[in-house]
Amino acid sequence: MFEKVLIANRGEIALRIHRACREMGIRTVAVHSTADSDAMHVRLADEAVCIGPPPSRQSYLNIPAILSAATITGADAIHPGIGFLSENAQFAGMVEEHGFTFIGPAPEHISLMGDKVAAKDAARSLNIPVVPGSDGAITNDADAMTLADGIGYPVLIKAAAGGGGKGMKVANARAEMSQALSLARAEAKANFGNDAVYMEKYLSHPRHIEIQILADAHGNVVHLGERDCSLQRRHQKVLEEAPSPALNAAQRQKVGDIATSAMRRLGYRSAGTIEFLFQDGEFYFIEMNTRLQVEHPVSEMITGIDLVREQIRVATGAPLSFRQEDITFTGHAIECRVNAENPDTFAPSPGRITDYHAPGGLGVRVDSALYSGYRVPPNYDSLIAKLIVHGSSRNECLMRLRRALEEFVIGGVDTSIPLHRRLVGASDFINGDYDIRWLEKFVAPKE
């Protein structure tokens, strides 16, 4: 087992990893920018190293600074957390080249799944169902129009190196194709430095269903069930739940088998998530995230499995500590992402936290690095807390969630807590009747 792990991240996820390490008897090293000198992950870690000024590129994305911090503190391994360098194959490779263990998948798997076109090709080869579309990047507009005629409109043009909804355009008819291709390429070039785009059939009312998998270096692969992440705004997840209200037992079994079988053939190692669109009883591969995800606690709550602990264990070369048949799915869990933003306009709201009271009680978990007096910096993602609630049934979970949201107090900045209070009272959400476009309509300004 590792003696010391450097956590190359910040905020609640750095704290989450620190806690798993400490429960395993592992000492931790926090890295931080000058804006995060007073952050909770810095306060609780055994050691801390300042790696640069507030801009991410000069601190949390500064690979030489992070490797230097690992060297001078004598760390054995580096956990990349979520975001920043967590899906950077070059970073993973350099970590290993410098003699540290990267707590995550092999660099080639990060690289493969980081390219949307290559990932889709890989999915096909692994017998994962994909959305009908182009086999690779679109190089000829005329061929693209012929392909779209065959698939049927509307179609979606997507950036090959994209994410977060950037570089995505819908063409509803042949007459719109040229403009959609041109706009998607320009947006892809501006955001990712790569103007390659590809095409998919546009699904009208899909759910976003993802499968959490864990794999070790010995060929063992398990899944921890699905998460329904359909409540999104601008392709950013807002609330997640497990299990999905949209799936029946047979569909759940089917998609779990698809995911584990594919990862076994790929020879994947560590935690990962395979994301699907689900519509009319069919699953369509979107992408694979080769890291821990923000919403991983809902899977932990229904299985009782510590995902970070297992991630660390398998990084040492240890086999998974359980088999698929050992995993028991119990009850229902929902996670609300709490952002420091205006709940109506979604404008960021950095500033000093004047009051902080986290809800508690049976089945309530809060993952946050906040404390009273902490200043939320304007330099990073606005996620400041995750409220995760578990109940024996979805109805009990919803009732508990309402109570927890009533108790949650974060003063000094605007937060998305009022939005979540509205959400849990919405009849469509209560009935589980929503898709990936429902939330956009729910939060749209009323005329």
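Helices (H or I, at least four residues) and strands (E, at least two) are DSSP runs, numbered from the N terminus. The model is predicted, so local features need pLDDT of at least 70 and side-chain atom pairs count only at pLDDT 80 or more, while totals for chains, interfaces and linings use all residues. Residues are numbered from 1 along each chain as its sequence is written, and side-chain values use heavy atoms, with hydrogens and water left out.

**View 1. The second largest cavity, lined in part by helix H6 and strand S13.** A cavity is a set of points, on a 1 Å grid over the protein atoms alone, where a 1.4 Å probe fits but cannot get out; lining residues have an atom within 4 Å of a point. The volume, about 30 Å³ here, is the space filled by probe spheres set on the points, with grid points joined across faces, edges and corners. Helix H6 (116-125) and S13 each supply at least two residues of the lining. The lining residues include Met-113, Ala-119, Ile-274, Phe-285 and Met-288. By class the lining has nine nonpolar, no polar and no charged residues; Ala, Val, Leu, Ile, Met, Phe, Trp, Tyr, Cys and Pro count as nonpolar, Asp, Glu, Lys and Arg as charged, and the others, Gly among them, as polar.

**View 2. The hairpin of strands S12 and S13.** S12 (residues 270-279) pairs with S13 in the antiparallel sense over seven bridges; two strands pair if DSSP finds at least two bridges between them. Glu-275 stands opposite Glu-287 in S13. Two residues lie between the strands, and Asp-280 takes a positive phi near 50 degrees. In S13 (residues 282-289), seven of the eight residues are buried, meaning under 20% relative accessible area (1.4 Å probe, protein chains only).

**View 3. The largest cavity.** The volume of this cavity is about 40 Å³. Among the residues that line it are His-79, Ser-86, Phe-102, Arg-291 and Gln-311. The lining has five nonpolar, six polar and one charged residues. Domain 1 (4-86) and domain 3 (207-443) each give at least three residues to the lining; the domain bounds come from an automatic or database domain assignment.

**View 4. Helix H11 and its two ends.** Helix H11 (residues 307-315) is largely enclosed by the rest of the structure, because eight of its nine residues are buried. Leu-307, Glu-310, Gln-311 and Arg-313 are among the buried residues. At the N-terminal end, Asp-306 caps H11, with a side-chain oxygen 3.1 Å from the backbone nitrogen of Val-308. Just after H11, Gly-317 takes a positive phi of about 100 degrees.

How values were computed
Buried < 20%, exposed > 50% of the residue type's maximum accessible area, 1.4 Å probe, protein only. 1 Å grid on protein atoms, 1.4 Å probe; cavity = no way out; pocket = protein on both sides within 12 Å on 5 of 7 lines; lining within 4 Å. Polar contact = N/O pair within 3.5 Å; in protein donor to acceptor, adjacent residues only side chain to side chain.
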